[in-house]
Amino acid sequence: MFVDTQANTRYIAVHGIVDWINEELVYDECLDFGVHEMNYHHIQPVGENILLLGARSRLQKNGMYEKNACIVNRQGEILRAFCLGDGIENCIVTKDERIITSYFDEGVFGDAPFGNKGLVVWDCMGHRIWENKKYGIMDCYAINVDEYENLWFYYYTEFDLVQTDFKRDIVYHPEIKGMTKFLITKGRQLLCDGGYNNYGEFYKMDILYDRLGDRESVNLEHNGKILLLKDAFFRSSKAIFVDNRENIYFKDIMYIN
C-alpha cells in the first residue's frame with residue numbers, strides 16, 4: 001500500500017493473489033480508495049471489505065478521540081468508522097473478522113484509555129471483545145497468528161513470547177531483546193529477527209510445547225542464494241522478503257532446516 005504522510009491523501013493499495021506453492025504472484029490489481037482526511041498506516045482485509053487504520057488518534061475539542069479506523073469497500077466508500085485508540089503498533093484481522101491491535105508506549109501510557117493494556121481484540125463493528133489483563137505490557141513489539149489463528153505476541157519489558165487462544169496461554173522465553181518480527185512455521189518452529197541492533201539477522205528455534213529449543217542462526221535463501229534483505233513481512237507461516245535490490249520473494253515456510 002502506498003501511504004503519504006500528509007492528511008487529505010489519496011490512498012492506493014495493490015491487492016495481490018500469491019501462488020504460495022510456486023512462490024509467485026499470479027494476479028494483482030490496483031485499488032483506489034480516494035482521498036481521506038485521516039493519516040492511515042495499516043491496511044487489512046475484513047471479509048470483502050478493507051480496514052484502514054491510523055496509528056494515532058488525537059483528542060478533539062468535543063472531548064472525543066478521532067475515529068482512526070474505517071471499514072471501506074473496494075471503491076473506498078466508508079461503510080463505518082470508529083476509534084481503536086492512540087499509539088497503535090500493529091494490527092491483524094483474523095478470518096472471522098476480529099481486529100487485533102497492539103500498542104507502543106505512547107498508546108499504553110498516554111491519555112487515551114483504549115490501549116492501556118497493550119493488546120486489544122475488537123469485533124468488526126469496533127466493539128472491544130478482549131483485552132490483555134495478565135501481562136505488564138509497556139510496549140507490544142510484535143504480534144502474529146499461527147495457522148490455527150492462535151494469537152502470539154512479544155512484549156517489553158519481559159521480552160517474553162506468549163501464545164494464547166484467549167482461554168489458555170503458553171509463555172516462551174526466546175532470550176532475544178527487542179525483536180520486531182516473527183512467524184510460526186507449519187512445522188512448529190519460531191523464526192524471528194535478532195532484536196536490538198541485530199534486526200538483519202534471523203534465528204530459528206523449535207517450539208517444544210511449553211519451551212523453546214536452542215537458538216540457531218539461519219540464512220534465508222532463494223534458489224540456493226542467500227538473500228541480502230532490506231525488509232520482511234510475516235503473517236502466520238507466510239513471509240514476503242524484499243532484498244536490497246527491491247526484488248520480492250514469497251514463501252510459505254513449512255520447516256526450516
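Visitor: How do β4 and β5 pair?
Guide: In this predicted model, strand β4 (residues 49–53) pairs with β5 in the antiparallel sense, over four bridges. L52 has C70 in β5 as its bridge partner.

Visitor: And what about β5 and β6, how many bridges there?
Guide: Four bridges, with β5 and strand β6 (residues 78–82) again in the antiparallel sense. I71 is bridged to R80 in β6.

Visitor: Which residue in the hairpin of β5 and β6 takes a positive phi?
Guide: G76, with phi near 90 degrees. The hairpin has five residues between the strands.

Visitor: Are the faces of β5 covered or open?
Guide: Both are covered. A69 and I71 are buried on one side, and C70 and V72 are buried on the other.

Visitor: Different topic. What is the order of the open sheet of four strands?
Guide: β7-β8-β9-β10, with antiparallel pairing. β7 (88–93) and β10 (128–131) stand at the edges with a single partner strand each, so one side of each has no neighbour in the sheet. The twist from one strand to the next averages 20 degrees.

Visitor: How many bridges join β9 to β10?
Guide: Three, between strand β9 (residues 119–122) and β10, which run antiparallel.

Visitor: Now N150. Where is it?
Guide: N150 lies in the loop between β11 (139–145) and β12 (151–156).

Visitor: Is N150 buried or exposed?
Guide: Buried, because its relative accessible area is 15% and the cut-off for buried is under 20%.

Visitor: What does N150 touch?
Guide: Leaving out residues up to four places away in sequence, N150 touches N144, V145, Q163, T164 and D165.

Terms used. Residues are numbered from 1 along each chain as its sequence is written. This is a predicted model: local features need pLDDT of at least 70, side-chain atom pairs count only at pLDDT 80 or more; totals for chains, interfaces and linings use all residues. Side-chain values use heavy atoms; hydrogens and water are left out. Helices (H or I, at least four residues) and strands (E, at least two) are DSSP runs, numbered from the N terminus. Buried means under 20% relative accessible area, exposed over 50%, partly exposed in between (1.4 Å probe, protein chains only). Contact means heavy atoms within 4.5 Å. Two strands pair if DSSP finds at least two bridges between them. Axes are lines fitted to C-alpha atoms, for helices over the stretch in contact, and angles run from 0 to 180 degrees between N-to-C directions.
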